[in-house]
Amino acid sequence: MASGKRLHPLFVIARTPTHASNADTPGVIPTSLGLVDWPTGCLVGDWPGGGPAELEPPIPCRLREEAGLVRWWGIQLQREGYPVPDDPEQPPLTPKPPELPPERHTVLTLRPQQVNEPQFTVNGMMYLAYTDQELQAVERFYSHFSKAMLHRVPMDHFVASSSSRSLPQQELVGGFVHCVVCSDECFELPGYTCPILQSYVDQTCAEFGSLGGDDFVAELLETTSGWSRFWLNDRGPFTDVNRALDQLLRVYTSYLHSRRDESRYPELKPIEAVLYIFEAGPFMQRRAYDHFCEEYVGSLADTGVPCRLNKEAGFRRSFCHRSSDGNEHFTLPALTVAEDVEEARDICGVLYPAPAGWEQSSAESQRLNESHQRTELRPEQFSMYRTWQQVPQESRIVAYTCAGPQPPCDEFPISQERLDAVLVGCHEYLGLNFCQEFVDSTDGWKLPCGRSFWVNDRRMPIKPWVSLSARYKMFDRLLEESKSPLVPECALRLRRSTKEHAAQKGADKLCMHTEPAPVEA
């Protein structure tokens, strides 16, 4: 390879704003030949091969699942307008008032796939970024840098996402693509003092849209993990482009409703919880839990922790809680006490820190109605899916279990729409594997007599992709192909349309009220 020509490719999942830095490491760092943006590996300023503006346009592409890398919100950098002190160890002379918006924000990064974490493809941009000399300087820098590493991925792990742009030939670029992978030391999820910035989301989606259109943006949103309620809306005037992007965000994350502008952002300030609520049913979806807390407590809860309640605790999850919403009646999945050891099983769910005032509010009495009871659990009965998320051992954990379990029936069938809502929540936390575990550890799909009461009441059952996008196919597939002994074989055959359910319901009523004909002597 000629040393003066840029032939070494770099894969970038999102560009970093040039002003960004974090509290102890500037976002742009000098190397022996020039400045490099360390979260992405992109060159900044003057380099022997020319400035960044002289790079060829990037190629939209996709990193395959087998590469073992996933995209997360997880590097925290300085916001525009907040200068970085010359000496990071020296406290500022005039501390920023706590009521002002946070001075840091969280950006996207690549990290190694963790145990029990779902596999995803990752779409992004491939640049011919380095000459031989520039690559050597960048490699030397990352070899001594603790917060990230320059990772080499075989070229055959990538596919072009556009028919009009092909990937560089392997023999010309050495057969490998470089990308920056965040270290565990540097990785940190969004928080109150380092939220997701809407302006950064807008900038990233605009760049992806210019490369691959709306489908490329949708893929970016769907394959990104770590969305958070700590989301600051710092965008300018609302436009049609913003409106269209918000519609996409509503499909792929339930956290959009938590987004606050700068005047209301202090509403999201977290609490130091000593009480956690274990949810294994409808409230596994963050949006549903937040709505409940706002209505009955007056404040939002903190981010939930996906976890597993061990079978030794003696519980099972079943479609056993009959509920109503206006004129609609349905049976929801709920936690209930196992009658014997064989019935007990591991139960996946979400631990939520209880908002301040939970036990004194109407939320407690609302959950403790005639069909539920409060059950105390212990931290050691849980295992966490993510090693960096733990519940303090001194915490109290409660669950609201179904006290009078009743199976589905004509009047109270299983509702597909509400099942979809739970699976959307599972998918947002840990992807399709978490959804599969929920389905496989839930019983009550079919009664012991062989009958099933399960209605497909999706708002648009003929066009389910309108509200669920491609997730409806994934949800239906895992229901149909489940190998769990708790789920009937070819389960979707048990599900009826609303018309079929109404007809069956009417037929059952007719049978109940029809007197048998007298038998002639």
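Leaving aside its neighbours within four places in sequence, F11 is in contact (heavy atoms within 4.5 Å) with C61, L63, L110, V122, N123, G124, M125, M126, F158, V177, H178 and C179. The model is a predicted one, in which local features need pLDDT of at least 70 and side-chain atom pairs count only at pLDDT 80 or more, while totals for chains, interfaces and linings use all residues. Residues are numbered from 1 along each chain as its sequence is written, and side-chain values use heavy atoms, with hydrogens and water left out.

F11 also belongs to the largest nonpolar core, a set of 113 residues in which F11, W38, Y142 and W358 touch the most other members. Such a core is a set of buried Ala, Val, Leu, Ile, Met, Phe, Trp, Tyr and Cys residues joined through side-chain atoms within 4.5 Å, where buried means under 20% relative accessible area, exposed over 50%, and partly exposed in between (1.4 Å probe, protein chains only). Helix α3 gives the most to this core, with nine residues. A second, separate core of 17 residues includes F315, M384, V391 and I397. In soluble globular proteins, nonpolar side chains tend to be buried together.

Across the protein chain, buried residues make up 53% of the 521 residues, and the secondary structure comes to eleven helices and 27 strands. Helices (H or I, at least four residues) and strands (E, at least two) are DSSP runs, numbered from the N terminus. Among contacts between residues at least 6 apart in sequence, 81% join residues at least 24 apart.

Helix α3 (residues 198-222) packs against helix α4 (residues 240-252) at an angle of about 75 degrees, with their axes 11 Å apart. Axes are lines fitted to C-alpha atoms, for helices over the stretch in contact, and angles run from 0 to 180 degrees between N-to-C directions. The two helices, α3 and α4, are therefore roughly perpendicular to each other, a label for angles of 65 to 115 degrees, whereas those under 35 count as roughly parallel, those over 145 as roughly antiparallel and the rest as oblique. On the α3 side, D202 is one of the residues that meet α4. At 16% relative accessibility, D202 counts as buried, and, leaving aside its neighbours within four places in sequence, D202 is in contact with R235, N242 and L245.

Three strands form an open, antiparallel sheet in the order β2-β3-β4, two strands being paired if DSSP finds at least two bridges between them. The edge strands, β2 (28-30) and β4 (42-44), each pair on one side only. Helix α1 (residues 132-143) lies across β2, β3 and β4, and runs at about 65 degrees to β3.

Elsewhere, strand β20 (residues 347-353) is mostly covered, with seven of its seven residues buried. I347, G349, L351 and P353 point one way from β20, while C348, V350 and Y352 point the other way.

| Strand | Partner | Bridges | Partnered residues |
|---|---|---|---|
| β3 (residues 35-37) | β4 | three bridges | V36 and L43 |
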